[in-house]
Amino acid sequence: MKILVTGGAGFIGSNFVYYLLEKHPEDEIVVLDLLTYAGNLKTLQPVLDKIKFVKEDICDREAIFKLFSEENFDVVVNFAAESHVDRSIEDPGVFLKTNILGTQVLMDASRKYGVKRYHQVSTDEVYGDLPLDRPDLLFKETTPLHTSSPYSASKASADLLVLAYYRTFKLPITISRCSNNYGPFQFPEKLIPLMIARALDDKTLPVYGEGLNVRDWLHVKDHCSAIDLIIRNGKVGEVYNIGGNNERANIEVVKTILKALDKSESLINYVKDRPGHDQRYAIDASYISKTLGWKPEYNFETGIMQTINWYLDNKSWWEEIVSGEYKNYYDKMYSGR
Ligand code: NAD
Ligand code: TYD
């Protein structure tokens, strides 16, 4: 099978490449990535001789069509996206371009060149949020889309477009909607790696609002195993929810990290809340479990310890990021907050 992994130099895409290489060494993998601030070719360095890497923009129709005409892909898995909610609040435009129009270009090329499966990596954020006082409520695949941020609105728009390409053009699509991922190679602007990196440097940890918002944490490897099952055995036209069944309030996550690193809780700094901040995400993943037999391997306790250890063992990977251009980003987003 020849698979195009777009956004494969980012957090989840790169983990997916490593997963495929281990699980399906017979597959041919092409990674396409624009290498934006979030993409890092160093992540794929150890396996660059086993894959083909193409630096390209998913919005560049001519370049994408040329690549598809040359490569004859069986499967496309689209991870490429602008992925950080806070950045989407600062500058929505690039989110609409990459996440919606880029998806359109990839699907047009998939149609023209007879791709057998186009898989869209989406998010539980398309469902909006759940109230904190109703732990009985979970997102199902049938929950109406109801978005809060420019990021989630762009992802929901892409999902609707993907479903439209299935209905109108019979493009063989699948969609997965996943809860918050954590694990190796996550860019340190997201909650868990941000807090690990800052705690290790004895810097303050900016917790939005009261830290009571809840996320359903999923280890990235469990996300990868779910996508792998969907592209091989999933039903065309279907949406699959993927979740870790590990709901935690942000403040609990931050305290777990501090405890594991033997750092003081006095580093916690409650800052102004994110505008439109979603209260709670929680996924009902029973459909993928029942139909494809998927189940997560990690629980949060083992997964977070493994992740913290990974950041301790791979300081050079993230130290390079936090000392570069990212410093300006942090100052811009957090100063005076
Ligand atoms: P990420 O920001 O770490 O990586 C995104 C990758 O896409 C980067 O390598 C970047 O260079 C690349 N990219 C951006 N714009 C591009 C363009 N125009 N053309 C080609 N490549 C481009 O993101 P991630 O956390 O790995 O997320 C991957 C996907 O999973 C996204 O679609 C995201 O919406 C979805 N998702 C993420 C999470 C999560 O917790 N991180 C949860 C659910 C769904
Ligand atoms: P994030 O990792 O940005 O993922 P998402 O917003 O897509 O869920 O944030 C996870 C949670 O952590 C979210 O409720 C916002 C909160 N948060 C903070 O409290 N402080 C921070 O500095 C960041 C980045 C996030």
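Ligand 2 is surrounded by 19 residues, with Glu-125, Arg-215, Arg-274, His-277 and Tyr-334 the closest; a residue counts as near if one of its heavy atoms lies within 4 Å. This is a predicted model in which local features need pLDDT of at least 70 and side-chain atom pairs count only at pLDDT 80 or more, while totals for chains, interfaces and linings use all residues. Residues are numbered from 1 along each chain, ligands are numbered from 1 in the order written, and side-chain values use heavy atoms, without hydrogens or water.

**Contacts of ligand 2**

- A polar side-chain atom of His-277 lies 2.7 Å from an oxygen atom of ligand 2, and one of Asn-250 lies 2.8 Å from an oxygen atom of the ligand.
- Leu-191 places a backbone N or O atom 2.9 Å from an oxygen atom of ligand 2.
- Of the 510 Å² of accessible area that ligand 2 has on its own (Shrake-Rupley method, 1.4 Å probe), the protein covers 97%.

**Shell composition**

- Two or more residues each come from α7 (191–200) and β8; helices (H or I, at least four residues) and strands (E, at least two) are DSSP runs.
- The shell holds nine nonpolar, five polar and five charged residues, with Gly counted as polar and Tyr as nonpolar.

**Strand β8**

- In β8 (residues 205–208), Leu-205 and Val-207 on one side and Pro-206 and Tyr-208 on the other are all buried, meaning under 20% relative accessible area with a 1.4 Å probe, protein chains only.
- Strand β13 (residues 268–271) pairs with β8 in the parallel sense over four bridges; pairing requires at least two DSSP bridges.
- Val-271 in β13 is the bridge partner of Tyr-208.

Technical notes: Buried means under 20% relative accessible area, exposed over 50%, partly exposed in between (1.4 Å probe, protein chains only). A polar contact is a pair of N or O atoms within 3.5 Å; within protein, one must be able to donate a hydrogen and the other to accept it, and residues adjacent in sequence count only if both atoms are side-chain atoms.
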